[in-house]
Structure formats: C-alpha cells, structure tokens
Amino acid sequence: MMEKTRFRTGFIVLAVHFLLLGCTGVSDARAAGFDKVNYYSKADGLKGAALKTALSSIIASHTTLSYNALWDAYLKTDVTDDGYIWDMYSNATKYVPNGPAKGHQYSGEGDSYNREHSFPASWFNDASPMRTDLHHVIPTDGYVNNRRSNYSYGEVGVVSYQSFGGFSRLGAPTSDLKAQGCNEKTVFEPNDIYKGDLARIYFYMVTCYESRLSSWSNAKMLDQSAYPAFKKWACQMLLKWAKDDALSEKETARSEAVYDIQHNRNPYVDFPGLEQYVWGTWADSTFSVAHYRNPYLEDSGSGEGGGSGEEGGEGEGGEGGNPDNPPTETIPAGDYVLLKSAPDSWDGVYLITYATSGHEYALDGSLESIDASGNISIVYPDGDVIKGDANTDARSFTIASTPEAGWYSIRQANGRYIGKTTKKNGIESSVSFDKALANALSIDDGGNAVIESTCGYVLRFNSSTGNGGTRFRYYGSGQQPIRLYRKKASNEDSVTGIKSAEGGKQEIFDMQGRRMDKVASHGIYIVNGRKVGY
C-alpha cells in the first residue's frame, strides 16, 4: 500500500516518512536491472553547484513523448490503488483512467481531468522536451488546474479561491513569504501532503534542464542562473517543503514508472534529502553514491545545522507541549468504527464527522488554521467503518483524559489542541494544553457525539454555504450534530480495546473469575491475563 494513498477527505507525520526511507535513506530502485552506483557515477564525490551540473549531464538525455502519449502513460504512473486517477490538486475527484472525463470541458471541480504542467509550460515557452516530460506533467482536476493557471507555487495568506474542502488554495502570499523576497501578488498552494512531491519535481526540472535556464525569462520562481537557479524565497520554501513532506512510497513508485517510459530518473527521489547537498545545509558535504547519507535522518535530532547534540530530538511531548515542536503521535494501523454509545474510556484516536448523503465530512485535524471556512475533508464510510490509512490518520484527533476528572483534551494530528473559551462561534487551537481547552464528551440518544467546551459551546457542523461557509465550529445553539469514529487497532476485536491473542484465541474471565466464551455486556474483564474495559 502506498503511503500517500488517494485522499478523498496534508500532513504526514515526519517520523512515518523516515521509517519508509530505511536506515540508509536511499529509496529502493525497483526498475529491473537498474544499477544506481553506475548510473550516478559522474556525480560521485561532488557537492553544491558542481553536483547539480553532474546530475544534469546524467538525466538530461531521455525519451521525448508526444503530448497525446501522456494519457496512456498515466495508466502506468498515476492510477491509485482503488483504480482512479491520482489527483494532487483536488480531493473530491473519482476519475476513471481514460474514461469520459479525460480532457473534456469543465465548468466546475470534478468535471474532468487534464494534463497539468506543474512547472508551467509558459515558463519554458511551451518548448520540447519539457512540454511532455512525464516527471512534471501530472494529471489533475481540469477546473482546479485552470484556476492555478501559471501562478507560482507558494504559501497563501489571504485566500481568493480554494478547491473543495480547502485542499489546495490560491491567493496572496503570506507575510513570511513576502519577507523572504516574494513579490508576487498571487500564488498557488498545494496541499501539505504533496508539497514535498512538487518540490522534488522542481529540483528535478532545474537540474535536468540546467543548460536552458538562462532563456526561461518567464519562470517566476527562477533567477535564470544555472546555480542556484531559484530565487532565494523559492529555494527556501521548496527546501522546507521537501523536509516537511518527506519522500513517500507513492513518489518512488511513480518515479520508477516514469523511468520505464521515459528512461531518465529524478535523483531527488532516488536519494531523499539530496537537495540539501545542492542548495541546503549539506552543500559543503560531498555526495557519495555507494555510501549515501540522508541529511534528514542524520539531522533529525539536532535541528538545521547537522550534528548530534543531546539537546535536540523530539523532546518529552506531554500535555505541556513545545510551541516550536508540537507533540505528535504514532497512530496504530487500523480502521475507524462509528461510536454509537459512550465507551468506558474515551482515550483513543478519532475522526470527527458529519454524515450527509453518500459520504461524510470530517474535520481536518492537519490544519494549522483550523477555524477557516471549509475546514473539512471527504471520507467514505463502508457501513459503520472508515478505512484507516496514512492520509486519513493525518486528519484525526487524539482524545486523552486530563488531570481533572470528566474533562478531555482533543489534539489534532499536527500536535495542536482544540477547544473554545469564549462565548463566540469558532474554534480555538493551541500548541499547549490547559483546562481552558478541555472538553466534556458524551453520546446522545440519537447516537450523535456531544463535544462541549468549557464555555458551554458545542462542536457542530454548519452545512450552509453562505454566512461564513461550510465548516465545523463550536456554536452556542443550532447547526448540525456530529459523529465520532474511533480507531480500532488491527489486533482489536472492537473499539473497546480488547485485543486478540496470538492466533486469535482469547481467554476471557469476568471479575468473579468465571471463564466466558465471549464478552456478554459492558464491564471490566480479564482478557488473556490483562484487565480491560468493554
């Protein structure tokens, strides 16, 4: 299963990415007969600008496809595990490969998909071979693609347009981006879960076509030099994106498929963190093909500058938190099951949803600004179950008991806590927890979840598209009820926490010591020698 499975509902925990990359940090080269050491031998022992030039000489020559050939190529490079076109701009599409929605006209999101030059074609004057380079020409929703136009990638401060659920956004750049030198009026921000993918595509483009960069006067993010190629603000942002959204199995699988078709590779996928040797903090370190060192693995405990100081690392986490490094969770594998009655213990991992026809909306726990309009993602239950995967887990919330009985903290997947302290509609979010961000929890007679803040406001769903827009918020009255889906670990028989023993056998005793064939009702039991609540 690919880590970045198609997400219908951006933020993968960095530790999960590192786990995928293994001890050496070198991604698997799965193309039959591929010899990585030989392929990249010209770049061995180099660094910085010289490394980039050597890589260019290796990958610049490749098979040039026709524009129409891209459609068939997508059947090998961009089909999800569930059989749809992989769309990196919209989370609301279900396009069948080569189906009737291929390249058709569109009047809105979800009408058709087309061929998106993630590195805009106008930037290189629509010239060949860049125009059909499969490494950067990806299938996306046509309407969202059109709204993106040829705007630079960036981070949006004031939103002028967003795709469904706020998955990708268009608008004025953030003040931080402006402070770094970005003088563009409008930028396009992809979702967090694909920022690293697109950064590595951009690293590839300025490397592969290094000899042509001086003529790309329309390329807004570039400075027309061979090195560094990027404007300072763009380089800083892309390096950050590549670090925050590390390499996924989705990317390695696509890169191998492109190599099979076009016969050149993206070195920034083959060597996770290679960009740091070219533009980043490792630009004074030499690149070794056979003994590659992944900067992100070696720097993970010590900050940007490398080394292994004992003051680095993830810290102790806990309820207090660290404003510069919010706590994160390792979420167990498993699906989410609808909670229909109050459990004996609320502690666990949850999706917060609103049920509507054919699907549900989930409050997106990966958001930094969680009170924004459209703070939702789409999920598709199968009966009472929502499939758990890395993308769904990134939208989840962890509920935990607080020191004060009857109150619970609700933590987003990105480490922030949510709650409400004042009697005004909205959601407050914080990197630290205190009583003010606590919540009381219950399930009403209709099976709806009641999440009540300390100020008495209740978390609900506003289904109106006007007056502030569709969103989850704490309200004093009105709006729609919500539901909770609780994570069931893969070795649990239910969401109550009773785990199967090896081979699936269980020894169950009640509190009087009587052996039972199964749990008959709610209560405390001894299951395989362990006291559990049911």
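**Helix packing in a predicted model**

Tutor: In helix α4 (residues 69–77), the buried residues are Leu-70, Trp-71, Ala-73, Tyr-74 and Thr-77, where buried means under 20% relative accessible area with a 1.4 Å probe and protein chains only. This is a predicted model, in which local features need pLDDT of at least 70 and side-chain atom pairs count only at pLDDT 80 or more, while totals for chains, interfaces and linings use all residues. Residues are numbered from 1 along each chain as its sequence is written, and side-chain values use heavy atoms, leaving out hydrogens and water.

Student: What covers the buried residues of α4?

Tutor: The cover includes β1 (113–117), β2 (137–141) and α9 (249–262), contact meaning heavy atoms within 4.5 Å.

Student: Why are α7 and α8 called oblique to each other?

Tutor: The axes of helix α7 (residues 192–208) and helix α8 (residues 232–244) cross at roughly 130 degrees. Angles under 35 degrees count as roughly parallel, over 145 as roughly antiparallel, 65 to 115 as roughly perpendicular and the rest as oblique, and therefore α7 and α8 are oblique.

Student: Which residues meet where α7 touches α8?

Tutor: Lys-195, Gly-196, Ala-199, Arg-200, Tyr-202 and Phe-203 in α7 meet Leu-238, Leu-239, Trp-241 and Ala-242 in α8.

Technical notes: Buried means under 20% relative accessible area, exposed over 50%, partly exposed in between (1.4 Å probe, protein chains only). Helices (H or I, at least four residues) and strands (E, at least two) are DSSP runs, numbered from the N terminus. Axes are lines fitted to C-alpha atoms, for helices over the stretch in contact, and angles run from 0 to 180 degrees between N-to-C directions.
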